[in-house]
Amino acid sequence: MRPSPRSIGGAYEEFLANRNIRESEILTFEYPDMDVYNPSVPFVSDGIEVIAGRVHGRMGRDSTTVFFTKAGGVYKPIADAPTFPLEDPFITYINGEIILGGVYVDWEGERAKSWRTLLYRGTSIYNLKHFLDGPDHMKDIRLCQLPSGSVAVCSRPQGEKVIAKYGCIAKIGFTIVPSLDDLTAEIIDNAPHIQDVFPPDEWGGANQLHSLTDGKIGVIGHISQRKPLDGIDFLHYYSVAFTIDTESLKTSSPKVICSRSCFPGNESREPRLYDVTFCAGISPKDDKDVYIYSGLSDCQIGRAVIPNPFNIY
């Protein structure tokens, strides 16, 4: 019987003792008087490399997903590209289509009344069409096409039902559907829960899924904890990697692969959010290393070079 998952703090201490960050930088995004953070990984549309970024005023509440491309060392908005009223965009490819997702929030004054993940599909950023609303109050839905053509899905249920049943803040769910056309909010909502990723007083979710050669799913995600100091809850979000066995739903122990301390600078939306990395995922660099892209402190985007986390599995 596998022991209960340990606190992410222990995994973070191991990471600090063995940290192997090849290089890191803060990426420059041009959008006057606004923060750009929590991006997608780079992808290609219409022959150009694109990153989707969350654009948000430092004091505002509404977010917009904007498409950027690099010019002269700076990421600039693509002038004629569509925008979406979404937080925390993510990108994958399924059957040659670009799949864009992000979180839409219904605001009631200063309170988020509800939120849900919206999914779009198309062959270009210019023809993305909405095709699915995820379940209410669910972020961190992620998709990945498998070699069979079927689609792996990670969900992130949270709220009173999860607390009542499991005594924890949130869970990660996992399921497989035959095709994108078979995916529904009900299927996502009822995805079987993985039991052994994080302990009850911590939470997290998947940020990117990879179909691995051994048949498992590689997950780039985040695990989070809060630590009160002087009456303020300081948040700590660490980027992690682990695998899911698609039949047993057993996971490998999450390994911390990146943290805010890996990047230069100390800018933050507010002090309690400084130690936050909300990773987009990884993309190949060479035979051994990958780039990891991450939102930093809810106000910037960083990129680092790290060892491919799935070579160890």
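This note goes through a few features of the structure, point by point.

1. This is a predicted model, in which local features need pLDDT of at least 70 and side-chain atom pairs count only at pLDDT 80 or more, while totals for chains, interfaces and linings use all residues. Residues are numbered from 1 along each chain as its sequence is written, and side-chain values use heavy atoms, with hydrogens and water left out.

2. Arg54 lies in strand β4, residues 48-56; a strand here is a DSSP run of E with at least two residues, numbered from the N terminus. Because its relative accessibility is 8%, Arg54 counts as buried (buried means under 20% relative accessible area, with a 1.4 Å probe and protein chains only). The side chain of Arg54 makes a polar contact of 3.4 Å with the side chain of Glu87, where a polar contact is a pair of N or O atoms within 3.5 Å, of which, within protein, one must be able to donate a hydrogen and the other to accept it, and residues adjacent in sequence count only if both atoms are side-chain atoms.

3. An open sheet of 4 strands runs in the order β7-β8-β9-β10 with antiparallel pairing, two strands being paired if DSSP finds at least two bridges between them. Its edge strands, each of which pairs on one side only, are β7 (87-94) and β10 (129-133). Within this sheet, β8 (residues 97-108) and β9 (residues 111-122) pair over 11 bridges in the antiparallel sense, and Ile99 has Arg121 in β9 as its bridge partner.

4. Asp88, found in strand β7, has a phi near 50 degrees, a positive value in a residue other than glycine, and it counts as buried because its relative accessibility is 9%. Ser297, in the loop between β20 (289-296) and β21 (300-307), is likewise not a glycine but has a positive phi of about 55 degrees; Ser297 is buried, with a relative accessible area of 0%.

5. How much space lies in the largest pocket? The space is about 1100 Å³, and of the 37 residues that line this pocket, the closest to its centre are Glu87, Lys139, Leu235, Tyr237 and Asp298. A pocket is, on a 1 Å grid over the protein atoms alone, an open set of points where a 1.4 Å probe fits, with protein on both sides within 12 Å along at least five of seven lines, and lining residues have an atom within 4 Å of a point. Among the elements that give two or more residues to the lining are β4, β7 and β17 (232-244).

How values were computed
Buried means under 20% relative accessible area, exposed over 50%, partly exposed in between (1.4 Å probe, protein chains only). Grid points are joined across faces, edges and corners, and a volume is the space filled by probe spheres set on the points.
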